[in-house]
Amino acid sequence: MTGSNKDNYYAILMAGGVGSRFWPSSKASNPKQFIDVLGVGETLFQTTFKRLSRLIPVENIYVLTNKKYVEMIKDQIPHIKDEQIVPEPEMRNTAPSILLGALKIYKKNPKALTVIAPSDHWIKEEDDFIESIQLALDSAQDNDQLITLGIEPTYPNTGYGYIKYDKDDGEVVKKVARFTEKPGEKKAKKFIEEGNYVWNAGIFIWKASFIIKAFEEYQPEMFRLFEKGKDIWNTKAEDEFLETHYGQASNISIDYGIMEKSDSVYVIPVKYHWSDLGTWSSVQSELPQDEKGNTAVNSRLVVEDAEDNIISTYNKKIVVLKGLSDYIVVEDKDVLMIVPKSEEQEIKHIREKVMKDFGEDLG
């Protein structure tokens, strides 16, 4: 593998989501990636930015986000330049935002190698992560490959997508056989037994030029729409162009739009600890618990006859629990939510109901 010039390394941080399953801590006005969900002293966005900047020059990290989060990003990463923040005029899925980022980066540097990463994931072994990204960048530089990182599963999780690779492929960067949407438990168990399935972490590595070519082939309509702006990327006229055209792009994910269609998709299976922190229970599994299995985030907890609860409050409040087990208790300055852990998939719907009954600003 040839060594790369780090000036050609770029990253696109996806930071536009709302994180509705973390309501009421995470709201549209202050979503999950911009809050300290784990109570570790920095937000998930800050942690991710810092992690990537170990390998990628800080000025080459672009943040794709929603217009309303631009000031929040500047507050959290004060040294970021305006041109590194790319606000989408309206919410779209991952494919349009990744194409936009790729076109902007390619215009700046046609030799660019790009890492795409969600801004709200948790990775414990950062050295191992950086090593796997370096491996992917080296491979993407030498080959026309769309590479993704696949997390070796530790249990049959039904909330993640799975990637199947060829069992007999002896290479470190393996050819992908198939993407599978979130399976049922029986299927997930079977995948783990087969031993050649990994969790889809939504982290991608490729040449900017090659992903643009893939869009031209597999999403020609979207490619043509964005191609109209080729002369104005990275100029003042870009905002106006996006206001007019961005909303016309198909609302599809990069997985569905490109990865499941291309025959140049590869995966690097990795063993380090990763979580997409998709639910309050997944946050609990990352944090210490007391002897009764209770987890407190930004809270001071007093318990009696209370087990396996997760409590997150506003401003280190003292919380007293007696006779309550297996509950999620979350408070922010406007809302207190108490929900059984078994019902945590309902939080999205609860949020919608509260917004309907009491107003948008609470969601």
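How many salt bridges does a search of the whole structure find? The search finds 22 of them. The model discussed in this note is a predicted one. The points below take up selected salt bridges, then a sheet, then aromatic pairs, and end with a contact along the chain.

1. **D120 and K32.** A salt bridge joins D120 to K32, with 3.3 Å between the closest N and O atoms. Are the two partners buried or exposed? D120 has 17% relative accessibility and counts as buried. K32 is buried too, its relative accessible area being 6%. Both values fall under the 20% limit for a buried residue.

2. **K207 and D144.** Here the closest N and O atoms of the salt bridge are 3.3 Å apart. K207 is part of strand β9 (residues 197-207), and D144 is in the loop between α4 (126-142) and β6 (146-151); the pair therefore links parts 63 residues apart in sequence. K207 is counted as buried at 17% relative accessibility. D144, with a relative accessible area of 43%, is partly exposed.

3. D334 and K333 form a salt bridge in which the closest N and O atoms are 3.9 Å apart. The cut-off for such a contact is 4 Å, which means that this pair is within the limit. K333 is exposed, at 60% relative accessible area. Elsewhere, salt bridges with shared partners join R51, R54, E126 and D127 into one network.

4. **An open sheet of four strands.** In what order do the strands of this sheet stand? The order is β12-β13-β14-β15, the sheet is open, and the pairing is mixed.

5. β12 and β13 run parallel and are joined by nine bridges. S299 has K317 in β13 as its bridge partner. Strand β13 (residues 310-322) is also joined to strand β14 (residues 327-331), by three bridges, and these strands run parallel. On that side, S312 stands opposite V330 in β14.

6. **A nonpolar patch.** Which residues make the nonpolar surface patch of about 280 Å²? The patch is made by V302, I318 and V320. V320 is a residue of strand β13. The relative accessible area of V320 is 60%, and V320 is therefore classed as exposed.

7. **Aromatic pairs.** A search of the whole structure gives 16 aromatic pairs. One of these is formed by Y155 and W199: the geometry is edge-to-face, with 5.5 Å from centre to centre and 80° between the planes. Y155 is in the loop between β6 and β7 (162-165) and W199 is in strand β9, so the pair ties together parts 44 residues apart in sequence. W199 counts as buried, at 4% relative accessibility.

8. **An aromatic cluster.** F34, F45, F49 and Y69 come together as one aromatic cluster.

9. **Q284 and T295.** Q284 is located in helix α10 (residues 280-284). Its relative accessible area is 5%, so Q284 is buried. How far apart are the C-alpha atoms of Q284 and T295? The separation is 6.3 Å, for residues that are 11 residues apart along the chain.

Conventions:
Residues are numbered from 1 along each chain as its sequence is written. This is a predicted model: local features need pLDDT of at least 70, side-chain atom pairs count only at pLDDT 80 or more; totals for chains, interfaces and linings use all residues. Side-chain values use heavy atoms; hydrogens and water are left out. A salt bridge is a side-chain nitrogen of Lys or Arg within 4 Å of a carboxyl oxygen of Asp or Glu. Buried means under 20% relative accessible area, exposed over 50%, partly exposed in between (1.4 Å probe, protein chains only). Helices (H or I, at least four residues) and strands (E, at least two) are DSSP runs, numbered from the N terminus. Two strands pair if DSSP finds at least two bridges between them. Patches are made of residues with over 30% relative accessible area and no salt bridge: like charges are joined within 9 Å, nonpolar side chains (Val, Leu, Ile, Met, Phe, Trp, Tyr) within 5 Å. Accessible areas come from the Shrake-Rupley method with a 1.4 Å probe; for residues, only the protein chains shown count as cover. Rings of Phe, Tyr and Trp (its six-membered ring) pair if their centres lie within 6.5 Å; planes under 30 degrees apart count as stacked, over 60 as edge-to-face and the rest as tilted.
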